[in-house]
Structure formats: C-alpha cells, structure tokens
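Open the model in your viewer and keep the sequence panel beside it.

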Amino acid sequence: MVEIEIDKQSGFCFGVVTAIAKAEEELASSERLYCLGDIVHNSAEVERLQSKGLQTITHQDMAVLSNSKVLLRAHGEPPETYITAAANNIEIIDATCPVVLKLQQRIKAKAADTHSGNTQIVIYGKAGHAEVNGLVGQTAGRAIVIENQEGLGKLDYSRPIALYSQTTKSLEGFQAIINEITSRMQPGVKFEYFDTICRQVANRSGHLREFAARKDVVLFVAGAKSSNGKVLFHHCLEVNPDTHLIADASQVEPSWLAQAHTIGICGATSTPRWLMEQVRDKIISIIPDATVANG
C-alpha cells in the first residue's frame, strides 16, 4: 500500500496569505488591479490571479501610470515607490509583510541616526531581490549587500558595522557571517548585528528535513523564481536523495514512484496549497489504490 502525505506546514507564509487576500478582496469589486512585480514567486498562482484581473507591472510601468490602484506585495518597496505613487495619483494597497515592514523601519532609523554616519549598514541577502531592494532603499542606497562570505571583502573593518539580514535567509548562514565579521573586526571597533530572520520561514528547514527523511520519495513543489524554494528543496535533497523539484503536477514522472511506499509532497513559502493538492491527485491517477494521510 502506498501512502501520500502533503506536509501541513508547507505553503504560503502569512505575509503572502495576506497579500493574496488583499488582492482578491480588491478584485471582487474592481475589474483591474495592478501589482508591482509578481505577487508571489509562483507562476501558477500569478496566472490564477491574472485571470481574475490582477495585472503585473514593473517600476518602469508604474512611472507612467496614473489614477490607478497598485498593490505592493509582501516583499516591500523602497521609499521612491511611494513618492512615485503620490506624484501620479496612484492609490497604494500596501501588503508589505509586517516582519519586513518592521525591518525596514529599523534600518531606516539606523541610517538616520546622526551617530551612525560612519557606520556601515550591511544586509545579508540576495542582491537584486525585491525585499533587499526595499531595505537598501531605506538607507538612500548606502547599505552594502552581502550574499555570502566571499562578499565580505567589501567591508572596512576599521569602521563600525551594523549587520541585518533579509527575513528569509537561513539562521546558519547568518551566524556564519556574524562569526566571520567578528574575526575580522579591528580591536575596539563596534560591531552590531540584529537577527531579523522570520522564524516562520527559518523553522521550516528543520521541519522539512524531518518530513523528507521519513518518506521514500519527496516531490517538492516550487516556482522557478522562488529563492526560498531552492533553499528548502536542497534541505530535503540532503536527507533524501529521492527528492524531486517540480513546478506542477504535469512534471510528475511515474518512474519516480514505482518502488515507493511513502510519498511526501511539500513546497516553498510561495507554493499554494491547491498546487500541492493537484500533485497529490496526479499521483492518485498513477497509483489508484494509494491512500492519503491526514485526509
């Protein structure tokens, strides 16, 4: 007998849930709503909302838009976006994640602190990522983005450093950056670091490792643009070599399931539950007598 289980903790984080709820609420009474960037890094969910009237735009599009409504996704935006909206009579529907918003405020306050003029504000995160762009914007472009330890050569260890993290980075990676900066700081120079990682996201890695280790085969569902998906997929792969990254049910290969007795389905913080359920249904079409754990 084959058992299929969808991981209960996989799927949208609360920030994405809120953004999509705001979009659907607005679309229920409007024919069109613009969203600055993909509302979530999952093409299937983006297409579902597009069918309801959500239109994705770029910052260049927004610059020439006027008299419209624009939703800001959970990742957050730099101050320039709000300035553009005010100038163009654009109504902002702000779905910035509360965790991201709090981080933006902390970085903005540090940048505005007259005593921190000589302090290097450092962000551990992915350069060019929407959240990181929003964070750098709080510092008028002063912040230095560090993706990994190789980037630490950008810093001046004779000057004070204030380190923050993109909310979706790993705790292990952040600690490694802290340790390395600490070892390089010149004596007597101030080094501050602030743990700004979202625990709802960070705690998923350990949980998913346990989930994947209990299964014969794991199907990890995530969009190609999801950074979080790539990280969590590799956590699963490390403990279970029979883990497969797929975008949707059409990519399920029957040969993967041939010898499996337990099949796990999980996903990223940008993966909708309905997409994982479609994968479950695809497996059932391949193995009709399979049972589903937890309903």
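The tour goes from a sheet to a helix and then to a single residue.

This is a predicted model: local features need pLDDT of at least 70, side-chain atom pairs count only at pLDDT 80 or more, and totals for chains, interfaces and linings use all residues. Residues are numbered from 1 along each chain as its sequence is written, and side-chain values use heavy atoms, leaving out hydrogens and water.

Stop 1: Select strand 3 (54-57) and strand 5 (91-94), the edge strands, each pairing on one side only. They belong to an open sheet of four strands, ordered 3-2-4-5 with parallel pairing. Strands are DSSP runs of E, at least two residues; helices are runs of H or I, at least four; both are numbered from the N terminus. Two strands pair if DSSP finds at least two bridges between them.

**Stop 2: helix 7.** Select residues 171-184, a helix of 14 residues. Which of its residues are buried? They are G173, F174, I177, I178 and I181. Buried means under 20% relative accessible area and exposed over 50%, with a 1.4 Å probe and protein chains only. The face turned away from the buried side carries the exposed E172 and S183. The buried residues pack against strands 6, 7, 8 and 9, with contact meaning heavy atoms within 4.5 Å.

**Stop 3: T262.** Find T262 in strand 12 (residues 262-267). Among the residues that T262 touches are E3 and R214. Its side chain has a polar atom 2.9 Å from the backbone nitrogen of D216.

Definitions and conventions: Expected span 1.5 Å × (residues − 1). Polar contact = N/O pair within 3.5 Å; in protein donor to acceptor, adjacent residues only side chain to side chain. Lists of a residue's contacts leave out its neighbours within four places in sequence.
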